[in-house]
Amino acid sequence: MRMKRGRLPLTALRSFEAAGRHLSFSKAAEELFVSQAAISRQIRELETFLRQPLFERHHRRVELTDAGRRLLAQLVRSFD
């Protein structure tokens, strides 16, 4: 899936929102019925599009960056 310039795809935003809530790409994948690799790819593409990291990746865990926390707060309100 290639992102079109200027448009954020809903699937990437939804993947990020689920991963951010769970702080887990695997749990987000289970929730959305996709593979962990798909979640990882969509988030990586979203980070490229936004030109900033949304997660700090550690061995077997992730943490939100400041930008990730801000985006997650907006998306949780929007999706609710």
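Modeller: The largest nonpolar core has 19 residues, and F16 and F55 have the most contacts inside it. A nonpolar core here is a set of buried Ala, Val, Leu, Ile, Met, Phe, Trp, Tyr and Cys residues joined through side-chain atoms within 4.5 Å; buried means under 20% relative accessible area, with a 1.4 Å probe and protein chains only. At least two residues of this core come from each of α1 (10-22), α2 (25-32), α3 (36-50), β2 (61-64) and α4 (66-79). The largest share, five residues, is supplied by α1.

This is a predicted model: local features need pLDDT of at least 70, side-chain atom pairs count only at pLDDT 80 or more, and totals for chains, interfaces and linings use all residues. Residues are numbered from 1 along each chain as its sequence is written, and side-chain values use heavy atoms, leaving out hydrogens and water.

Now look at F16. Setting aside neighbours within four places in sequence, F16 is in contact (heavy atoms within 4.5 Å) with I43, L46, L54, F55, L64, G68, L71, L72 and L75. In soluble globular proteins, nonpolar side chains tend to be buried together.

Stepping back, the chain has four helices and two strands, which are DSSP runs numbered from the N terminus (helices H or I, at least four residues; strands E, at least two). Their order from the N terminus is α-α-α-β-β-α. Of the 80 residues in the chain, 38% are buried. Among contacts with a separation of 6 or more, 49% join residues 24 or more positions apart.

Key:
Buried means under 20% relative accessible area, exposed over 50%, partly exposed in between (1.4 Å probe, protein chains only).
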